[in-house]
Structures are given as C-alpha cells and as structure tokens.
Amino acid sequence: MKLSLRLGLGVAVLAALSACADGPSSSSKGGSGDRATLRLAVPSAVIAPKEEVATYAVGDAEGYLAEEKLKVDVINTDGSVAAVQAVASNSADIALADAGAILAAREKGVPVKAIGGLVRNWPWRMAVRPGSAVRSPADLKGKKIGVISLASGSAGYARAYASDAGLDAAKDIDLLPVGVGAQALTALEDGKVDVLALYTQAYTTIENAGTDLRYLDNSDAFDGIRSLTYVVTEKTLRAKKDVLTRYLRASYQALLFSAANPEAAMRDGYRAFPQLLTGKKADDRIADDTRTLEAWIKTAVPTAGEPEDFRDWGAISDVEWDKTVAYTRTAGQITKDVPLPELWDDSLLGGANDFDPAAVIAKAKAAG
C-alpha cells in the first residue's frame, strides 16, 4: 500500500546538519597501540536492560574495552533520529540507531554510513489489553496507537503495520507519544491509546510488573527487516577505521558474553549504571531485569543454535538491506531507494569478528 509521507522534524534537522558532519574528535587517530575515547549515542532517553548493558556495560566490566585500549562515554538521545543527529552534529562518534533513521538521513544528504548490525530479529510488536476489541490488524482503523516518540522507530513501525493491513496510515490511525514502561502502560490503561507499538524488551518490563498483554501478529512482511545498527559519519569512518573496528570487536564480544550468561551481564549493568537499581538491592531486581535483558538479547542473536554456534557478528545481507529499504519506504521515512554502496560499509567486520568465541563463552560461564 502507498503511504502518505509524514516525515518528522528530526529528518529536516539532519538535512541541515549534512554540511557540518565532519566527525567528532577523538583521542586517537587509529593504530592498535593507541588509546582512544569514543562517544556512543544510544537511541533512548532512559537507561534500561538492553543494548547499553549487553554491549557497553559488559564490555567495560569484563575488560573487552580495556583490551582494545578504548574508553567509551555513553550519551542518551530521544530515539533513533536523535541518535543519528548526534553523530551528524559531532556530539557522538558512533551511534546505535534504527536502520530506517539511517536511511532517512542518507536520503537527505547526511553523510552517514552503517558499519555493523546489532538487532537482527524484528523486535517491534503491537500490544493491547486482553479484553480489547482490537483483535486483528484491520481493527486498527480509527484507533490511537501509542509510540515511544514520533522520532523513534516505533512510529515508523506503526505506520508500516497499518499500511500492511490495508489501511491509510496518514488517515486511519493516530500516533501519540507515550514513552515506555509505566508511562506507556498508564496511557493504555487509561484509554488515551488503544494499542501500543513497542519493542520486545519494553513489553517484558511491563509484564514483569504483573500486567497481562495480548499481542497482534506481525505478517511475514516484517521478516528479515533490520533494526538497531551502528552508524558513523563517512569522515569518522575514513579517519578512525582501526578505532571503530576495535570498538565493534569489543561490543560483539560483550554481546556474546551476555548471551552466554545474561544474569552476569545484568550485574555488570548495575555496576555501569547504578540508576538501574532505583534504590533497591541488586538481588531484589536481578530476576526481573535478567528476563528483560534476555528478551532484548534474543533480538540480537540468531534464533537457532547456542552461543557456541553464533558467528558473523554485525553482518547484514543484501537481501536484508533490500527488505529494510522497502519497509522504510512503506513506513514513510524515505521516498526512494537508497543505493547500498551509499548506505553500508562492511569493511570493518572481518576485524570485528577476529576474536576467540570459546574464550568469551568460557569467561561468561565462569562468572557464575
């Protein structure tokens, strides 16, 4: 279905930034012996048991960043568009952002490139209260859908979901920003929205609090679409290939560690981000938070096999990119296809995968 174009202001801002995307400063110009500081932008305003724990916190606590002579500072942003803006405006060296936001920036002339995948299994779902009259995608007509923000990947997903159901996403649904967690749940329970469009980990947090939800099915159209992806400016990629390779290698080792031992990874998360404890003891939170982190990890690792079998970290196939570009057009984030060479550079992934998985898994299992 053709979807009316409704781009957010964030993309317009990205276009204005394209002339100044010179790449942020770093304490290193590359070289495996140099110590470097990188600024990482994550696409959420609040720290949670997800990518910042499974990649950064574990990488820091388990020594993978230190082994690569890296110091990483984490910057929170309000969604994927804002994360790409942080890279384009030199506020961050590297960001995690929804692939659609990267495509939208690229279409507007912002010189950014994806350099490695992270979330490989489609994480977005539509959810309602168990007694809701909304039982199928077609029932969304005339309904209010709660999204994290209009600049987040959930807004694009909601539009694409409606379009896939044969609805006019510009006329048949209304999108309301509701955030995540208790704020999103309150909006649903109070009837401010009829449906939520969130990612798997966010729903696990809600369910941990004792709330039951019912999920609408995603059609096969969403299979193979990529979500969170590492993005940098072209200038940063040219100038700091070695530093970026070292960072990707550390983050993928941390993700493998997290997959092998989610509870140990969550405890590393508490050390890096003590605000996750919300004033409670770790032992009082660890069970729920580990379930939440596991829900996120499942979106970032293969659906089959054990950690010992996981390979090719960060790889995104041409077929997956083609599906992602088509989805992003349907979601109204871009108006034309973006050529793959302009969008994607996988030249760092060989070095990023140059580590011993068995050693990582053994360390994770020894952590208890």
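The model is predicted: local features need pLDDT of at least 70 and side-chain atom pairs pLDDT 80 or more, whereas totals for chains, interfaces and linings use all residues. Residues are numbered from 1 along each chain as its sequence is written, and side-chain values use heavy atoms, with hydrogens and water left out.

**Leu340 and its contacts**
- Leu340 is placed in helix α14 (helices are DSSP runs of H or I with at least four residues, strands are runs of E with at least two, and both are numbered from the N terminus).
- Leaving aside residues up to four places away in sequence, Leu340 touches Asp318 and Trp321 (a contact has heavy atoms within 4.5 Å).
- From C-alpha to C-alpha, Leu340 and Leu150 are 26 Å apart, and 190 residues separate them in sequence.

**Helix α13**
- The end C-alpha atoms of α13 (residues 318-330) are 18 Å apart, which agrees with the 18 Å that its 13 residues should span at 1.5 Å a residue (the expected span is 1.5 Å times one less than the number of residues).
- Trp321, Thr324, Val325, Tyr327 and Thr328 are the buried residues named in α13.
- These residues lie on the same side of α13, because they cover an arc of only 165° around the axis (taken from the directions from the helix axis to the C-beta atoms).
- An α-helix has 3.6 residues a turn, so residues three or four places apart point the same way.
- Val319 and Asp322, on the other side of α13, are exposed.
- The cover over the buried residues of α13 includes α5 (99-107), β4 (112-117), α6 (153-164) and α14 (340-343).
- Gly332 follows α13 and has a positive phi, near 85°.

- Asn90 is not a glycine, yet its phi is positive, near 75°.
- The loop between α4 (80-88) and β3 (94-98) holds Asn90, which counts as partly exposed because its relative accessibility is 24%.
- Asp312, also not a glycine, has a positive phi of about 55°.
- Asp312 is found in the loop between α12 and α13, and its relative accessible area of 56% makes it exposed.

**Largest pocket**
- The largest pocket holds about 1,000 Å³ of space (on a 1 Å grid over the protein atoms alone, a pocket is an open set of points with protein on both sides within 12 Å along at least five of seven lines, a cavity is a set where a 1.4 Å probe fits but cannot get out, and lining residues have an atom within 4 Å of a point).
- Among its 48 lining residues, Ala48, Val180, Tyr199, Gln201 and Thr205 are the closest to the centre.
- At least two lining residues come from each of α7 (181-189), α8 (200-208) and α12 (282-300), and α12 gives the most, with seven.
- The lining comprises 20 nonpolar, 19 polar and nine charged residues (Ala, Val, Leu, Ile, Met, Phe, Trp, Tyr, Cys and Pro count as nonpolar, Asp, Glu, Lys and Arg as charged, and the others, Gly among them, as polar).

**Largest cavity**
- The count is one cavity of 30 Å³ or more, and the largest cavity has a volume of about 30 Å³ (the space filled by probe spheres set on grid points joined across faces, edges and corners).
- Gly117, Leu118, Arg120, Arg226, Tyr252, Leu255, Ala300, Trp313 and Gly314 line the largest cavity.
- This lining divides into five nonpolar, two polar and two charged residues.

Note on methods
Buried means under 20% relative accessible area, exposed over 50%, partly exposed in between (1.4 Å probe, protein chains only).
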